[in-house]
Amino acid sequence: MMMPKLGVVAPLFGMLVSTVVSPVQAAQDVLPGDSEMQKALGGAYNHLGLIEYCADHGHASEADVSQARKVTSIIVGNLTVEPAALDQEQAGRDGTIVGLQIVGRMDLTNAAHPEVVPEGRTMLFADNARAQKLTERELCQQMVAQMQSPE
């Protein structure tokens, strides 16, 4: 069996390594950084807190809260959640939406998109319901429906 000369093997090895490393590097370039991930996790916890707010006001059941907790735990998985992200659950329980958050159904006919609370902004749940021309109960029902598993 004839062995290739080292001069031929080295470039082939280099191409192989670059092929293996390139997708990993590409994934790192595309995947969100830690701060973006913590913002997303904070949004999930804020959404959970808003469902708890709905339950506290009689607009959602304990089963709805349980389902919201289940969905949140699936979203979070094994990720480390920083205290600032966890604090957003309490904000939701207090009736505060922390942006970026979409609350209720998207209304493509309304250019103002009151269902979207922009990143870095907060809004009271009651004010958001009024902006969407809904009662708090109706907005809670929309949010609960979005958390249900399709069966």
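Leaving aside neighbours within four places in sequence, which residues is Ile97 in contact with? In this predicted model, the list runs to Asn46, Leu50, Val103, Val117, Arg121, Thr122, Met123, Leu124, Phe125 and Asn128. Ile97 sits in strand S1, which spans residues 96-98. Its relative accessibility comes out at 0%, so Ile97 counts as buried, the cut-off being under 20%.

Phe125 is worth a look of its own. With neighbours within four places in sequence again set aside, Phe125 is in contact with Leu50, Tyr53, Cys54, Gly95, Ile97, Val103, Glu136, Leu139, Cys140 and Met143.

As for how H2 and H6 meet, H2 (residues 34-56) packs against H6 (residues 136-147) at an angle of about 130°, with the axes 10 Å apart. The two helices are therefore oblique to each other, and H2 passes H6 in a left-handed crossing. On the H2 side, the contact is made by His47, Leu50, Ile51, Tyr53 and Cys54, while H6 brings Glu136, Cys140, Met143, Val144, Gln146 and Met147. Sorted by class, that contact has 8 nonpolar, 2 polar and 1 charged residues.

How values were computed. Residues are numbered from 1 along each chain as its sequence is written. This is a predicted model: local features need pLDDT of at least 70, side-chain atom pairs count only at pLDDT 80 or more; totals for chains, interfaces and linings use all residues. Side-chain values use heavy atoms; hydrogens and water are left out. Axes are lines fitted to C-alpha atoms, for helices over the stretch in contact, and angles run from 0 to 180 degrees between N-to-C directions. Helices (H or I, at least four residues) and strands (E, at least two) are DSSP runs, numbered from the N terminus. Angles under 35 degrees count as roughly parallel, over 145 as roughly antiparallel, 65 to 115 as roughly perpendicular and the rest as oblique. A crossing is left-handed if the near helix is turned anticlockwise from the far one by less than a right angle, and right-handed if clockwise. Contact means heavy atoms within 4.5 Å. Ala, Val, Leu, Ile, Met, Phe, Trp, Tyr, Cys and Pro count as nonpolar, Asp, Glu, Lys and Arg as charged, and the others, Gly among them, as polar. Buried means under 20% relative accessible area, exposed over 50%, partly exposed in between (1.4 Å probe, protein chains only).
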